[in-house]
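I opened a notebook for this structure and wrote down what I looked up, entry by entry. The sequence and model come first, and my notes come after them.

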Amino acid sequence: MLINHERLKNFLIELIKIDSLSRKELDVALRLKREMEELGATVLIDNAGEKVGGNVGNLIAHFPGHRSPAAPLLLSAHMDTVVPGEGVVPILEGDILRTDGRTVLGGDDKSGVAIICEVMRVIKENRLTCSPIDVVFTICEEAGLMGAKCLDVGQLRARTGLVLDSDSVGYLFTQAPAANLMEFHVYGLEAHAGICPEKGINAIKVAADGIAKMQLGRIDDETTANIGVIEGGAAVNIVPNRVVLRAKARSHSLEKLDRQTEHMKHCLEEAAARHTIELDGKRYTARIEAKIERDYDRMDVPETAPIVKLVHAAAKNLNLEVKTHAYGGGCDANVLNQKGLVVANLGTGMREIHTVNEWLDLKDLYLSAQIVLEIIKLNATQNSLGVSRRG
């Protein structure tokens, strides 16, 4: 057992204690830069931070190969966490790591970050045979995969690899949905709420009317939809004339994604048409402006892809089984695959992510690290054409 459990646990806890909300990843990036350089990597930080309004860019670390002609491999995880994610107090109860209930834990995705660092440390300490390794720690994954979108993959040697950013250990996520971002501006008509409310059209009421007609949440086994942000109104004594809704729909089917997006837009348009008034012989009707854009495309890595075969073979070497599966959320792998790489998403053991109830079983963390190490060791036995040199 080469993975140092105590060191991995302690490093994860250290990372968890470093605040790193999206666009504020500088402190954790500097800690990881020092770690990568100590392990012998050539490290650079790109300009993604400037592009997204953050305080640091993606961290890219190049590790030279050691006694192996195998093709380079990519390992990636994201540095940022969701809110509430500042001042995290990790609590360890046996092998269960959780928070004090005020914040997320940040195992999404510092568990992936910590695993990569531990595996690279084991390789260095034991002078293990390995191919060249590219490590990428991205920013702003939680803000729309923005770090990955800004990443110049021309800076990478690897054309295939793994993102470590999902829950269940024992699963390799090879499929993930496409997603549409929606921003709806709902316009009404302002009026004094106490003196003449009948002269106004309440934009909040219009929005509520439309939302009430929508199918949201789990639509089917391939499709989900959510309205996550509502902003509007100026004061309680003013009939509000504008509300902004921000929403996202996801689906493994592009047809279903388009249908769900149009359904949400149509519900608001129909609601607006129902809210009209006449003032001084002029008719006023609520209206909707919609901004819809593709957030990211589907991930669909075939079973025959070398990285999938490599993961299955590594698991078999450890007398384990890793199943391929579809994932309900998006991750950096969606973007990296669209940029011409072949990348799957391996589980790290994080649970109840994006909630203050987030927790992680350290036994899962250690097992995931062992799998990643075996993947690197097995990849090193392949030549540059991806053919195993073992008999």
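**Entry 1: ground rules.** I am working with a predicted model, in which local features need pLDDT of at least 70 and side-chain atom pairs count only at pLDDT 80 or more, while totals for chains, interfaces and linings use all residues. Residues are numbered from 1 along each chain as its sequence is written, and side-chain values use heavy atoms, with hydrogens and water left out.

**Entry 2: the whole protein.** I looked up the secondary structure and found ten helices and 22 strands; helices (H or I, at least four residues) and strands (E, at least two) are DSSP runs, numbered from the N terminus. Taken along the principal axes, the C-alpha atoms fill a box of roughly 85 × 40 × 40 Å. Of the 391 residues, 53% count as buried, where buried means under 20% relative accessible area, exposed over 50%, and partly exposed in between, with a 1.4 Å probe and protein chains only. I also checked contacts, meaning heavy atoms within 4.5 Å: among those with a separation of 6 or more, 78% join residues 24 or more positions apart.

**Entry 3: helix H1.** H1 covers residues 5–16, and its twelve residues reach 16 Å from the first C-alpha to the last, close to the expected 16 Å; the expected span is 1.5 Å times one less than the number of residues. At the N-terminal end, Asn4 caps H1 with a side-chain oxygen 3.3 Å from the backbone nitrogen of Glu6. This falls under polar contacts, which are pairs of N or O atoms within 3.5 Å; within protein, one must be able to donate a hydrogen and the other to accept it, and residues adjacent in sequence count only if both atoms are side-chain atoms. The buried residues of H1 are Leu8, Lys9, Phe11, Leu12, Ile13, Leu15 and Ile16, and their packing partners include helix H2 (26–38), helix H4 (107–125) and helix H10 (362–379).

**Entry 4: helix pairs.** I then asked at what angle H4 and H10 cross. Their axes come within 9 Å and cross at roughly 50 degrees; axes are lines fitted to C-alpha atoms, for helices over the stretch in contact, and angles run from 0 to 180 degrees between N-to-C directions. H4 and H10 are therefore oblique to each other, since angles under 35 degrees count as roughly parallel, over 145 as roughly antiparallel, 65 to 115 as roughly perpendicular and the rest as oblique. The residues making this contact include Ile115 and Val119 of H4 and Leu365 and Val372 of H10.

H2 and H4 pack at an angle of about 15 degrees, with their axes 10 Å apart, which makes H2 roughly parallel to H4. Here Val28, Leu32, Glu35, Met36 and Glu38 in H2 meet Lys110, Val113, Cys117, Arg121 and Lys124 in H4.

**Entry 5: two buried residues.** Leaving aside neighbours within four places in sequence, Ser68 is in contact with Thr129, Cys130, Ser131, Ala380 and Gln382.

Glu374 has its place in helix H10 and counts as buried at 11% relative accessibility. Not counting residues up to four places away in sequence, Glu374 touches Ala314, Asn317 and Leu318.

**Entry 6: backbone angles.** I noted as background that most residues other than glycine have a negative phi, and most peptide bonds are trans. A cis peptide bond joins Val83 and Pro84, with omega about -10 degrees, and Pro84 is in the loop between S3 and S4. Another cis peptide bond joins Asp108 and Asp109, with omega about 15 degrees, and Asp109 is found in helix H4.

Arg127 is not a glycine, yet has a positive phi of about 45 degrees; Arg127 is exposed, with a relative accessible area of 55%. Asp280, in the loop between strand S15 (276–279) and strand S16 (282–285), has a positive phi near 50 degrees and counts as exposed at 85% relative accessibility.
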